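This report describes one protein chain for a reader who is new to structures. Please look at the sequence and the model before reading on.

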Amino acid sequence: MKNDARIAVGLAALGRPAYINLGRTEELPGERDVAAMRAGTAAVLDRAYAAGVRRVDVARSYGRAEEFLSGWLAERGHDDVVVSSKWGYAYVGGWRLDAAVHEEKEHSLARFTEQWAQTRELLDGRVSLYQVHSLTADSPLFADEPLLGALAELADSGVRVGFSTSGPAQAETIRRALELRVAGRPVFTAVQSTWNVLETSAGLALADAHADGVLVQLKETLANGRLAVSPPPALAAIAAARDVPADAVALAAAFAQSWADVVLVGPASVAQLDANLAGARLGLGDDELAALAELREDPAEYWAHRSALPWR
């Protein structure tokens, strides 16, 4: 099948037993032990590869996602898969559903050095993009010259360096981070931000970044499952009229953004992946896109809702 360079499969929902995505629990094995989650990951990756998807996104905090991906690549022998990963959060959930804390954030030179070594051990030579995980405008990274220097050295070695964003001030973070320079060169040349029909506040900043040659990737395009499990009436009506799942319509809206180079999907099963991929093939009309644009929420309210989602 044709390679669609705009689609990436993220493994946040498959690399660890607990996560915040709605509609995930019903798709996972009854026993979420390591072997079962590894098998589920391989099944999704096999289906994605057969469908022409050649991008996979992981992170150090996604439990064993890097390990699962490394094993799958070795077993299948695929040499055309583009891999991106992220550092900054550490997984501390101990493979427990009831862990009090599942991940801890630290944007420091020590954390970067430690996690880049761990990523290389598992995915040596396969990572083409390494990203700061969930950068916010108040991150100490912005004033940490040794850390910025280390990131610039990584970029000089041939690994693209980027960042993902979170929170209601995504646009500010994007613009500020893309202004960072070391020896006159930009530190970051890629950004991965939350964008969906409920949270569109980063759109203008992302469009500007794309125009400047920055790789723009969209994440959480289904609002952590909200748009699939309980879609707003306007979205549900479009899905019914098109005879497609609600998540396909939500993803089609993301694919309709011309400045989005890559759109991430984060399925928990092959069935969810198939529904997600339908969105890449669905072209929405101007009236439909206008109706979906009316669904946007206040960013502070959106992120407060997201923060309240339970790990399960």
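Helices (H or I, at least four residues) and strands (E, at least two) are DSSP runs, numbered from the N terminus. By that rule the protein chain holds 12 helices and 12 strands. This is a predicted model, in which local features need pLDDT of at least 70 and side-chain atom pairs count only at pLDDT 80 or more, while totals for chains, interfaces and linings use all residues. Residues are numbered from 1 along each chain as its sequence is written, and side-chain values use heavy atoms, with hydrogens and water left out.

## The chain as a whole

The C-alpha trace spans about 55 × 40 × 40 Å along its principal axes. The radius of gyration is taken over C-alpha atoms, and the globule rule is 2.2 Å times the number of residues to the power 0.38. For 312 residues, a compact globule would have a value near 20 Å, and the 18 Å of the protein chain agrees with this.

A residue is called buried under 20% relative accessible area, exposed over 50%, and partly exposed in between (1.4 Å probe, protein chains only). Of the 312 residues, 54% count as buried. Contact means heavy atoms within 4.5 Å. Among contacts between residues at least 6 apart in sequence, 79% join residues at least 24 apart.

A cavity is a set of points where a 1.4 Å probe fits but cannot get out, and a pocket is an open set with protein on both sides within 12 Å along at least five of seven lines. Lining residues have an atom within 4 Å of a point. Grid points are joined across faces, edges and corners, and a volume is the space filled by probe spheres set on the points. For the classes, Ala, Val, Leu, Ile, Met, Phe, Trp, Tyr, Cys and Pro count as nonpolar, Asp, Glu, Lys and Arg as charged, and the others, Gly among them, as polar.

The largest pocket holds about 920 Å³ of space. It is lined by 49 residues, and those closest to its centre are Tyr-19, Asn-21, Glu-220, Asn-224 and Arg-306. Elements that give two or more residues to this lining include strand E6 (127-135), helix H9 (246-255), helix H10 (270-280) and helix H12 (299-307). H12 gives the most, with four residues. By class, the lining has 20 nonpolar, 17 polar and 12 charged residues.

How many cavities of 30 Å³ or more does a search of the whole structure find? The search finds one. The largest cavity contains about 40 Å³ of space. Its lining is made up of Leu-45, Ala-48, Tyr-49, Val-53, Arg-54, Arg-55, Val-56, Trp-72 and Val-81. Seven of the lining residues are nonpolar, none is polar and two are charged.

## Selected residues

| Residue | Relative accessible area | State |
|---|---|---|
| Asn-276 | 4% | buried |
| Glu-220 | 15% | buried |
| Arg-96 | 47% | partly exposed |
| Glu-31 | 63% | exposed |

Asn-276 sits in helix H10. Apart from neighbours within four places in sequence, Asn-276 is in contact with Leu-222, Asp-247, Leu-251, Val-265, Gly-266 and Pro-267. Asp-247 and Leu-251 are among the buried residues of H9. Since 10 of the 10 residues of H9 are buried, this helix is largely enclosed by the rest of the structure.

Glu-220 lies in the loop between strand E11 (215-219) and H7. Its phi is near 50 degrees, a positive value in a residue other than glycine. Trp-95, also not a glycine, has a positive phi of about 55 degrees. Trp-95 is in the loop between E4 and E5.

Arg-96 is found in the loop between strand E4 (89-91) and E5. Leaving aside neighbours within four places in sequence, Arg-96 is in contact with Pro-17, Ala-18, Tyr-91 and His-102.

Glu-31 is in the loop between strand E1 (7-10) and H1. From C-alpha to C-alpha, Glu-31 and Pro-17 are 9.2 Å apart in space, and they are 14 residues apart in sequence.

Notes: 1 Å grid on protein atoms, 1.4 Å probe; cavity = no way out; pocket = protein on both sides within 12 Å on 5 of 7 lines; lining within 4 Å.
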